[in-house]
Amino acid sequence: MAVAASAIPSYQPFHDSALLDDWDEGLARLMDAKPERLARIAAARVTIEADYTLAAASAKWASLLAGLSHTRHWTAAATGP
């Protein structure tokens, strides 16, 4: 789905695929220009696959947790009751 929206911080990763703060002309362009609409959808898919799928989120958590387990602040005592 092509998106026209107000720019908020959580939408910034999609600044290349969504039309942000361009309601008048942007929404009309999305409705009329199929090639642009399809290109924006393809760009959004790349961002979603890289950062927002279960696999991407799981990999980020695994990396974070692996990094924590290798810091000198991580001790067995920190994991106990």
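Which helix does Leu64 lie in? Leu64 lies in helix α3, which covers residues 54–69. Keep that helix in mind while we walk through the rest of the chain. One caution comes before the tour: this is a predicted model.

Start with the overall plan. The protein chain has 4 helices and 2 strands. Read from the N terminus, the order is β-β-α-α-α-α. The chain holds 81 residues, and 17% of them count as buried. The chain exposes about 6200 Å². Carbon and sulfur atoms supply 64% of that area.

How far does the predictor trust its own model? The mean pLDDT of the chain is 87. A value of 70 or more is reached by 86% of the residues. Among the elements, helix α2 (residues 34–51) has the highest mean pLDDT, at 94. Helix α4 (residues 76–79) has the lowest, at 57. Where pLDDT is low, the predicted coordinates should not be read in detail.

Back to Leu64. Its relative accessibility is 43%. Buried would need under 20% and exposed over 50%, so a residue between those limits is partly exposed. Leu64 therefore counts as partly exposed. Leu64 also belongs to a nonpolar patch on the surface, with Trp61, Leu65 and Leu68. Together these four residues have about 410 Å² of accessible area.

Next, look for aromatic rings. The whole structure contains 1 aromatic pair. The partners are Phe14 and Tyr52, whose ring centres are 5.6 Å apart. Their planes meet at 25°, so the pair is stacked. The cut-off behind that word is an angle under 30 degrees. Where do the two partners sit? Phe14 is in the loop between β1 (4–5) and β2, while Tyr52 is in the loop between α2 and α3. The pair therefore ties together parts that are 38 residues apart in sequence. Are the two residues buried or exposed? Phe14 has 19% relative accessibility, so Phe14 counts as buried. Tyr52 has 46%, so Tyr52 counts as partly exposed.

One more loop deserves a stop. Asp21 lies between β2 (19–20) and α1 (23–32). Its phi is near 55°, a positive value in a residue other than glycine. Asp21 has 52% relative accessibility, so Asp21 counts as exposed.

Note on methods: Residues are numbered from 1 along each chain as its sequence is written. This is a predicted model: local features need pLDDT of at least 70, side-chain atom pairs count only at pLDDT 80 or more; totals for chains, interfaces and linings use all residues. Side-chain values use heavy atoms; hydrogens and water are left out. Buried means under 20% relative accessible area, exposed over 50%, partly exposed in between (1.4 Å probe, protein chains only). Accessible areas come from the Shrake-Rupley method with a 1.4 Å probe; for residues, only the protein chains shown count as cover. pLDDT is the predictor's confidence in each residue, from 0 to 100. Patches are made of residues with over 30% relative accessible area and no salt bridge: like charges are joined within 9 Å, nonpolar side chains (Val, Leu, Ile, Met, Phe, Trp, Tyr) within 5 Å. A salt bridge is a side-chain nitrogen of Lys or Arg within 4 Å of a carboxyl oxygen of Asp or Glu. Rings of Phe, Tyr and Trp (its six-membered ring) pair if their centres lie within 6.5 Å; planes under 30 degrees apart count as stacked, over 60 as edge-to-face and the rest as tilted.
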